[in-house]
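Colleague: Hi! Could you walk me through this one? I'd like to go over the side chains and then anything else you find interesting.

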Amino acid sequence: MNNHHSYSRRLYRDSENSVILGVCAGLAWHLDAPRLLVRICALALAWFFPVSTVVAYCIAAFLMPPRPLSYLGDGNERSFWQSHRHGGSR
C-alpha cells in the first residue's frame, strides 16, 4: 500500500503523488487504499455526477491542508538544510 507512516492519518492533500491537486492521493493515503482505485472511483462519480463531483473536488482541494513533504536524506543533510532555511548555522 502506501509508505507514508511518519505522519498521522489526518486527511491531507498529497502533492507529492498528485495528478491534479492531490485530493484523491490524499484520500487514498488516509483510507490506506490504492491511489488508482480512488482515482477510478472519482472518475466514475464524475461520469455520473459531473457538476457535483467537480464542485466537491474543488471544495476538498480548498479545505484539505497539504501534506508535509517527506524527507528521505541522512541527518547531516537535514541539519544543513534546516540551518540554511532559517538563515543561521547550527
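Modeller: Happy to! Let's begin with a cysteine: the sulfur of cysteine 41 has its closest cysteine sulfur in cysteine 24, 9.1 Å away, which is too far for a bond. Keep in mind that this is a predicted model.

Colleague: OK, and how many disulfides does the count come to?

Modeller: The count comes to 0 disulfides.

Colleague: Is cysteine 24 buried or exposed? And what about cysteine 41?

Modeller: Cysteine 24 counts as buried, at 13% relative accessibility. Cysteine 41 counts as partly exposed, at 41%.

Colleague: Switching to charges: how many salt bridges are there in the whole structure?

Modeller: The search finds 2 salt bridges. In one of them, arginine 67 pairs with aspartate 14, with 2.9 Å between the closest N and O atoms. That pair links distant parts of the chain, 53 residues apart: arginine 67 sits in the loop between helix 3 (50-63) and helix 4 (75-86), and aspartate 14 in the segment before helix 1 (23-31).

Colleague: Nice. Which residue forms a salt bridge with glutamate 16?

Modeller: Glutamate 16 pairs with arginine 67, and the closest N and O atoms are 2.9 Å apart. Here too distant parts of the chain are linked, with glutamate 16 in the segment before helix 1 and arginine 67 in the loop between helix 3 and helix 4, 51 residues apart. Through shared partners, the salt bridges join Asp14, Glu16 and Arg67 into one network.

Colleague: How buried is that network, residue by residue?

Modeller: Arginine 67 is buried, with a relative accessible area of 3%. Aspartate 14 is buried as well, at 2%. Glutamate 16 is partly exposed, with a relative accessible area of 38%.

Colleague: On to rings. How many aromatic pairs does the count give?

Modeller: The count gives 1 aromatic pair. The rings belong to tyrosine 12 and tryptophan 29, with centres 6.2 Å apart and planes at 40°.

Colleague: Why is the pair called tilted?

Modeller: Planes under 30 degrees apart count as stacked and those over 60 as edge-to-face, with the rest being tilted. The planes of tyrosine 12 and tryptophan 29 are at 40°, so the pair is tilted. Tyrosine 12 is in the segment before helix 1 and tryptophan 29 in helix 1, 17 residues apart, and the pair links distant parts of the chain.

Colleague: Are those two residues buried or exposed?

Modeller: Tyrosine 12 is buried, with a relative accessible area of 11%. Tryptophan 29 is buried too, at 1%.

Colleague: What do the buried residues of helix 1 pack against?

Modeller: They pack against helix 2 (35-48) and helix 3. The buried residues of helix 1 are Val23, Cys24, Ala25, Gly26, Ala28 and Trp29. Just after helix 1, aspartate 32 takes a positive phi of about 55°.

Colleague: Last topic, pockets. What volume does the largest pocket have?

Modeller: The largest pocket has a volume of about 500 Å³. Its lining has 22 residues, and Cys24, Ala42, Leu43, Thr53 and Tyr57 are those nearest the centre.

Colleague: Which helix gives the most to that lining?

Modeller: Helix 2 gives the most, with 7 residues. Helix 1, helix 2 and helix 3 each supply at least two residues of the lining.

Technical notes. Residues numbered from 1 in each chain as written. Predicted model: local features only at pLDDT ≥ 70, side-chain atom pairs only at ≥ 80, totals over all residues. Heavy atoms only, no water. Salt bridge = Lys/Arg side-chain N within 4 Å of Asp/Glu carboxyl O. Helix = DSSP H or I, 4+ residues; strand = E, 2+ residues; numbered from the N terminus. Buried < 20%, exposed > 50% of the residue type's maximum accessible area, 1.4 Å probe, protein only. Disulfide = S-S within 2.5 Å. Contact = heavy atoms within 4.5 Å. Phe/Tyr/Trp six-rings, centres within 6.5 Å; stacked < 30°, edge-to-face > 60°. 1 Å grid on protein atoms, 1.4 Å probe; cavity = no way out; pocket = protein on both sides within 12 Å on 5 of 7 lines; lining within 4 Å. Points joined across faces, edges and corners; volume = space filled by probe spheres on them.
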